[in-house]
Amino acid sequence: MTGTEFDVVILGGGSGGYAAALRGSQLGLSIALIEKDKLGGTCLHRGCIPTKALLHAAEVADSARESSAIGVNATLNGIDIVKVNEYRDGVVGRLYKGLQGLVKSREVTYIEGTGTLTSANTVDVNGTRYTARKAVVLATGSYARSLPGLDIGGRVITSDQALQLEWIPSKVIVLGGGVIGVEFASVWRSFGSEVTIVEALPRLVPNEEEACSKALERAFRKRGIVSKTGVRFSGVTQSDVGVTVTLEGAETLDADLLLVAVGRGPNATGMGYDTVGIAMDRGFVLTDERLETNVPGVYAVGDIVPGLQLAHRGFQQGIFVAEEIAGLNPRVIDELGIPKVTYCEPEVASVGLTQAQAVEKFGAENVEAYEYNLGGNGKSQILGTAGFVKLVRQKDGPVVGMHMVGSRVGELIGEGQLIVNWEAYPEDVASLVHAHPTQNEAVGEAFLALAGKPLHAHA
Ligand SMILES: Cc1cc2nc3c(=O)[nH]c(=O)nc-3n(C[C@H](O)[C@H](O)[C@H](O)COP(=O)(O)OP(=O)(O)OC[C@H]3O[C@@H](n4cnc5c(N)ncnc54)[C@H](O)[C@@H]3O)c2cc1C
């Protein structure tokens, strides 16, 4: 083997690519991992981790602001955003260092540079050709999209620039009420901004259970976040001091900034994919359920593959592909079994089918749903959060969906994904014990109720 020949050549070192590299090397494959920017990709540097650090700072700010209500007389003296950013960068930096060490220790060959796919088994980086003996894995991720005619620049920003801001807007408009939009809205509100969300669809987090969207909108309203749903954006102008956003119907909104959070597009053009004949659809790389493209020996993982754009999906797909290439014949990943968490305050977390999807799949007469209100949950009362745990089951069958709203409910979805993916029956879960007083107990209570024996709930 020469220095440029490997079992597997991976293009892109984000969640999907590095997971494939780590698992592949564990399985004895020689791996080249090509990355043009920073190992860890969007998730570590511009996505999950930095945003969640900001959300934690936001939670601390809210706690300080609300502390006197529970007899702790602290005052919030302000947000030092430069310090907040330092804290965030510290978290990212430590994880980045750890990941670099991990990749090195697994003997993955890390190649810095921009790669281009030049054939089904070769990738060029700065004039050097890397050859894959077994497979190439495409993992080039995604970028923040905009709308046609809506140029990013100045005071019109995406999440990339939002994370670099060294000031807190006093007024901000968030275009897009999906995950990224509501998370930034939540952070800025906690930091004291006036926030308006504009969403063209009829509700916030439109991919979630309808009841969750309603509860989130209610909670946001209480927090003073304005949600304009079912309203289309028509244009924006900007000056040195602010932006003016026009909505369909001619309503205008003024603010310091417009955050464009209308989704993420696949980063899959200009890298030779089309030249090599990889089948694509609207820029996304198409694969079969085993994540192989139409070109044998070329796989794709992560955000470039149509479906949920989540880091843990990328990790799982990376692991899957490495095992597939190593001949382990892994089990196909069920996209529906992938948990989703929106980390705003309050959080939204879910896995599986919504009630509407279950009704569509099984028929209304074959679906049963139950909503346990966090009002009856001791720990949620202690935390002062409202919300619910909603379960959807096939009548006389397994639980097919779990949907939650409330502070910290993201931490409860681990149990939810086990239940849904293991196709547990409410009766199975109802006999298991949940510690008191935890929010987790609300999950247990919901199952007790769905199994026909509610404890702290009305039948
Ligand atoms: C603001 C924000 C918050 C998010 N929060 C969450 C969250 O809380 N939880 C969650 O699960 N997901 C979250 N996500 C989504 C998550 O970040 C992505 O799903 C995940 O990073 C996708 O991984 P990936 O490997 O497909 O792509 P990426 O992480 O985008 O990695 C792709 C890598 O490929 C590199 N690359 C691209 N082209 C080339 C080339 N030609 N040559 C060499 N290298 C190349 C890029 O530099 C990049 O490092 C968030 C995203 C954003 C933007």
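R155 counts as buried, because 20 C-beta neighbours lie inside 10 Å and the cut-off for a buried residue is 20 or more. The model is predicted. Across the chain, 45% of the 459 residues count as buried.

**R155 and its surroundings**
- R155 sits in the loop that runs between β7 (142-144) and β8 (156-157).
- Leaving aside residues up to four places away in sequence, R155 touches Q238, G242, V243, D256, L257 and L258.
- Between R155 and N373 there are 41 Å in space, C-alpha to C-alpha, and 218 residues in sequence.

**Overall fold**
- The chain contains 13 helices and 24 strands.
- Its radius of gyration is 23 Å, close to the 23 Å that the globule rule gives for 459 residues, so the chain is as compact as a globular protein of that length.
- Taken along the principal axes, the box filled by the C-alpha atoms is roughly 65 × 60 × 45 Å.
- Of the contacts between residues at least 6 apart in sequence, 65% join residues at least 24 apart.

**Shell around the ligand**
- The ligand is surrounded by 37 residues, and the closest are G12, G14, G41, G141 and G302.
- By class, the shell holds 21 polar, ten nonpolar and six charged residues.
- At least two shell residues come from each of α1 (15-26), β2 (31-35), α2 (41-46), α3 (48-66) and α8 (311-325).
- The element that gives the most to the shell is α2, with four residues.

Definitions and conventions. Residues are numbered from 1 along each chain as its sequence is written. This is a predicted model: local features need pLDDT of at least 70, side-chain atom pairs count only at pLDDT 80 or more; totals for chains, interfaces and linings use all residues. The radius of gyration is taken over C-alpha atoms; the globule rule is 2.2 Å times the number of residues to the power 0.38. A residue is buried if 20 or more other C-beta atoms lie within 10 Å of its own, exposed if 12 or fewer, and partly exposed in between; C-beta atoms are placed from the backbone. Two residues are in contact if their C-beta atoms, placed from the backbone, lie within 7 Å. A residue is near a molecule or strand if its C-beta atom, placed from the backbone, lies within 6 Å of it. Ala, Val, Leu, Ile, Met, Phe, Trp, Tyr, Cys and Pro count as nonpolar, Asp, Glu, Lys and Arg as charged, and the others, Gly among them, as polar.
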